[in-house]
Amino acid sequence: MFSEYNFKNFNFRLLFYALALNAIGLLVISSAVNGDRSYINRQLIGLFGGLVIMFFLALTDYHKLMRCTGVIYLGCVVILLAIIVAGQFGGAGTGARRWITLPVIGRFQPSEFVKIGLIIFFSWFLQRNQEKINNLRTLIIVGAFAAVPLLLIMKQPDLSTSIVIIVCLIFVAGLSYKWIVGAAAVVIPGLALTVFLAERGAVPFLTGYQVNRILAFVNPGKYADLNVQQDNSKMAIGSGMLYGKGLLNETAISVKNGNFLSEEHTDFIFAVIGEEMGFVGCMLVLVLYLLFVFECLRMAGRTRDLTGKLLCTGIAALVGFQAFTNIAVATGIFPNTGLPLPFISYGVSSLVSLYIGIGVLLNVGLQQNKLEF
């Protein structure tokens, strides 16, 4: 196995950026939970477990993984069905089913792994149908394959995860601009109609908490009581000024000590970064994400086949979009979506799934100039 690869192509930069974000995450999580070791220990277990899986996948030819795409797709559907049947509720006041508990493994969030699974599956499918990707019949088949897991995710409900997956599919599909413009011409008026109907309580496919988030975003003055979380988040980020108040600070009016946020170690962890690490810390995080995404896209440009290119762009889209969305929520640009900040927010499932994706990407990089015997 080892002799097949030229390890000069092992992308240490990509791994470094991920570990740097993880290091910041561990520090901020520790501060957000006031030093509660149970959170840090679980996050470290997720980190080391993810690294073990990552190195295994990095040394496994990703073309072999493509032979299991049917099983991967079915696995995604099965675990989403499992969470509907036996899932646990999560998310402050959302009533969303997001987790299931397994023996030994404990609680995990299936939708995090489904994101990676769908990127792998559609990378294989789109590569096989590369020449027909803009045919209507092919797009209908893609839509049918996507509809099953997306509808199951909506059923949880977890609208934010659905958005991430849809964006990933758009990035990896490589559609003609004609289709993209046509889709935008339908989606944009559709969003405006959704907001109009939400104000009148007439959106059957959205639950109460999702409608409230939309209303609080489009009309913050009228629904100020629904927008308290984001208002407090913005104040916390601004209060950090240039260098922040310092990690593990004991300021009584901080977001963690004053109970101003209910999800400061997950959904609103960027508020803690802004408050305790200031503008400098926020910019450091943004630069690391930018470098991570750039490295993924750089690898995509050097891959030997379309499958590898799609895998790289898919992971880049997932991490980039999810990071942008989380930070946009924390700064009041987007309505609250419940997405974690990749590599930084507390969450073992998210962490392990991301390192699974990195492991596949590292093998894609090793395949660039694979030694032939």
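Q: Which residues form a nonpolar patch on the surface?
A: In this predicted model, the patch is formed by Met241, Leu242, Tyr243, Phe279, Val280, Met283, Leu286, Val287 and Leu291, and together these residues have about 860 Å² of accessible area.

Q: Where does Val287 lie, and is Val287 buried or exposed, or something in between?
A: Val287 lies in helix 11, which covers residues 269-302, and with a relative accessible area of 38% Val287 counts as partly exposed, because that value falls between the 20% limit for buried and the 50% limit for exposed.

Q: OK, now Asn22: which helix is that in?
A: Asn22 is found in helix 1, made up of residues 12-32.

Q: And is Asn22 buried or exposed?
A: Asn22 is buried, since its relative accessible area comes to 4%, and buried means under 20%.

Q: What does Asn22 touch, leaving out residues up to four places away in sequence?
A: With those neighbours not counted, Asn22 touches Leu47, Phe343, Leu351 and Tyr355.

Q: What about Phe121 and Phe122, how are they arranged?
A: Phe121 and Phe122 also form an edge-to-face aromatic pair, at 5.1 Å centre to centre and with 85 degrees between the planes, and both Phe121 and Phe122 are buried.

Q: Which residues do ring pairs link into a cluster?
A: Ring pairs link Tyr73, Phe121, Phe122, Trp124, Phe125 and Phe145 into a cluster.

Q: And where does Arg42 lie?
A: Arg42 lies over the face of Tyr39, at 5.3 Å from the ring centre.

Q: Last topic, the whole chain: how many helices and strands are there, and how much is buried?
A: The protein chain has 13 helices and three strands, and 51% of its 373 residues count as buried.

Q: What about its accessible surface?
A: The accessible surface of the protein chain comes to about 17,500 Å², and 69% of that belongs to carbon and sulfur atoms.

Notes. Residues numbered from 1 in each chain as written. Predicted model: local features only at pLDDT ≥ 70, side-chain atom pairs only at ≥ 80, totals over all residues. Heavy atoms only, no water. Patch = residues over 30% accessible without salt bridge, like charges linked within 9 Å, V, L, I, M, F, W, Y side chains within 5 Å. Areas by Shrake-Rupley, 256 points an atom, 1.4 Å probe, with all protein chains shown as cover. Salt bridge = Lys/Arg side-chain N within 4 Å of Asp/Glu carboxyl O. Helix = DSSP H or I, 4+ residues; strand = E, 2+ residues; numbered from the N terminus. Buried < 20%, exposed > 50% of the residue type's maximum accessible area, 1.4 Å probe, protein only. Contact = heavy atoms within 4.5 Å. Phe/Tyr/Trp six-rings, centres within 6.5 Å; stacked < 30°, edge-to-face > 60°. Lys NZ or Arg CZ within 6 Å of the ring centre and 35° of its normal.
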